[in-house]
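Let's take a walk through a protein chain together. Have the sequence and the 3D view ready, and turn the view whenever you like.

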Amino acid sequence: MEQVQGNHFNVNDLTAEEQQLLKNIQEKKQQLLLEIQDLKREIQDVTNELEGMDVGDESKPNPKAKQITIGRKKFNMDPKKGIEYLIQHDLLQNTPLDVARFLFQGEGLNKTAIGDFLGERNDFNIDVLKAFVNLHEFSDMILVQALRQFLWSFRLPGEAQKIDRMMECFAERYCTLNPGVFVNTDTCYVLSFAIIMLNTSLHNPSVKDKPTVERFIQMNRGINDGGNLPEELLANLYDNIKKEPFKIPEDDGNDLMHTFFNPVKEGWLMKQGGRYKNWKRRWFILNDNCLYYFQFTTDKEPKGIIPLENIQVREVPNEKARPHCFELFSSGSSEIIKACKVDSDGKVVEGRHSVYRMAASSVEEKEEWINCVRASINDNPFYDMLAARRKNATGSSVRPR
C-alpha cells in the first residue's frame, strides 16, 4: 500500500480533496525536476561553448582570437559580410593584397566560400582575385601540376563568367612565370580547360566513352596560335591525369555554413524530444526549404534535418511548461514527418516524429519563426534533395560524434 514519506498512514485514509492536492504536489515536483534538468543541460551547453573558444593563455580570454573565429564563421556563411567584419575589427587591412593573403592561407575557411568571393564581379573582388593568383608559385611546373595547386586552393564556382575570370588570371600568371612554354595566354587558357574536361571524362563514372590519348591530341590541334603543341607534351598531360585525377577540396569550413549563405533565419530554440519529452537547447538554421538543427554553433554537422515538405506550422497555445511554443506537423497522408537525424552512435537514421515542437524565447521570436517557416514550406518532392544534402553533409558516411 502506497504511503506518504515520513507519515505512517495510507493515502487511502485521505479525503478525495487531500488526495488530489497530494497528486498536484507530486506532479509539480516532477515538473520542477524536469526543469532543473533542462537548466543543467543549458548550463552545460554554455560551458562547452565557452571552453571551445580560443584563449590567449590559461586564465585570460583572447578577444582578438575570438573575433577572428567569428570572422571566419561569418565568412563561411556570407563571404562579403565576413570580410567586412574582419576589416571593421582591424583584423584585416582594406586592401586586395591583405584580403588575398587571408584567403590564400585559408585557415578555417570554406573553399566554396573562397571561390564565391573570388568570382564576384566588382573591382575590389577582381583585384583580390589577381592578388590571390599572384600568391601562387608556378615556376618550372608543368601545366597540370600548376592546375592541381591552383584548383586545390578553392572550389570553382558554377557560374561560367566567374570561371572565365579565374582561369584567365591563372593563365596569365602561369605564362608570366613560365615564358616560352606557350605562344600566348590564350593557348594556356584553352589547354587548361581541355585538361579539366579530360579529368571529368576519364574519372566520372557516368561518362562511358572515355577519350583516348589520340583523341585528346586531335582535340587540341591548332590551339597554339594556329600551330600544334608538341604531341609528347599532350601525351604527358594525358598520362598524368589518367594516373591521378584532380583532388577536389573538401568543404573544410565550420558548421556546414557554406550551405547557408544568407540563411532565412537562425537562432537558439528549445526543442522537445520525440521518444522522451524532455527539452534541449538547439541552434536552428532555416534555409533552402529545410530546417537544420545543431547542438552547438561550432558543430560541423547538423544533429537533424527537417525538409519543409508536406508539413504545416502552428502555434501551440496555453503551454504552461514551455511558453512561446510552435510545432511542425504533417499535412500529407502520412502522419510521420519525413526527416533524418544523427543517433547516439553517430549514424544517420530516419526520424519518426509526427510533431516537432519548439519553444522560442519571446512572443515576437516565436511569431517570426512561424512566419519564416511558413514562407519556406515546400509542397514539392524533396527526397532527392534531402539525400544529396545528407551525402554532402556527412561525406557519404557520418563521422562519430
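This is a predicted model: local features need pLDDT of at least 70, side-chain atom pairs count only at pLDDT 80 or more; totals for chains, interfaces and linings use all residues.

Residues are numbered from 1 along each chain as its sequence is written, and side-chain values use heavy atoms, with hydrogens and water left out.

Now zoom out. The chain has 13 helices and nine strands. Here helices (H or I, at least four residues) and strands (E, at least two) are DSSP runs, numbered from the N terminus. Of the 401 residues in the chain, 41% are buried. "Buried" means under 20% relative accessible area, "exposed" means over 50%, and "partly exposed" is in between (1.4 Å probe, protein chains only). What about contacts, meaning heavy atoms within 4.5 Å? Take the contacts in the chain with a separation of 6 or more: 61% of them are between residues 24 or more positions apart.

Next, the helices. Two packed helices are described by the angle between their axes and the distance between the axes. Find helix 4 (residues 96-105) and helix 6 (residues 123-134): their axes come within 8 Å and cross at roughly 60°. The axes are lines fitted to C-alpha atoms, for helices over the stretch in contact, and the angles run from 0 to 180 degrees between N-to-C directions. That angle makes helix 4 oblique to helix 6. For the labels, angles under 35 degrees count as roughly parallel, over 145 as roughly antiparallel, 65 to 115 as roughly perpendicular, and the rest as oblique.

Which residues make the contact between helix 4 and helix 6? On helix 4 they are P96, L97, V99, A100, L103 and F104, and on helix 6 they are F124, D127, V128, A131 and F132. Sorted by class, this contact has 10 nonpolar, no polar and one charged residues. In this sorting, Ala, Val, Leu, Ile, Met, Phe, Trp, Tyr, Cys and Pro count as nonpolar, Asp, Glu, Lys and Arg as charged, and the others, Gly among them, as polar. While you're there, look at R101, which also lies in helix 4. With 42% relative accessibility, R101 counts as partly exposed. R101 and V128 are 27 residues apart in sequence, and their C-alpha atoms are 9.1 Å apart in space.

Move along to helix 7 (residues 143-152). Seven of its 10 residues are buried, so helix 7 is largely enclosed by the rest of the structure. Those buried residues are L143, V144, A146, L147, R148, F150 and L151. They pack against helix 6, helix 8 (160-177), helix 9 (185-203) and helix 11 (231-243).

Let's look at one of those neighbours. The axes of helix 7 and helix 8 come within 12 Å and cross at roughly 130°, and the two helices are therefore oblique to each other. L143, A146, L147 and F150 in helix 7 meet M166, M167, F170 and Y174 in helix 8. By class, that contact has eight nonpolar, no polar and no charged residues.

Some of these names come back around S192, which lies in helix 9. Is S192 buried or exposed? S192 is buried, with a relative accessible area of 1%. Leaving out residues up to four places away in sequence, S192 touches L143, L147, M167 and F170. S192 and M167 are 25 residues apart in sequence but 7.9 Å apart in space, C-alpha to C-alpha.

Finally, the strands. Two strands pair if DSSP finds at least two bridges between them. Strand 1 (residues 265-272) and strand 2 (residues 279-287) run antiparallel and are joined by eight bridges, and they form a hairpin with six residues between them. Eight of the nine residues of strand 2 are buried, so strand 2 is largely enclosed by the rest of the structure.

Strand 2 also runs antiparallel to strand 3 (residues 290-294), with five bridges joining them. There, N287 has C290 in strand 3 as its bridge partner.

Strand 1 pairs with strand 9 (residues 355-359) too, in the antiparallel sense over two bridges, and M270 stands opposite A359 in strand 9. Strand 9 pairs with strand 6 (residues 325-330) as well, antiparallel over five bridges. In that pairing, F329 stands opposite V355.

Note on methods
Contact means heavy atoms within 4.5 Å.
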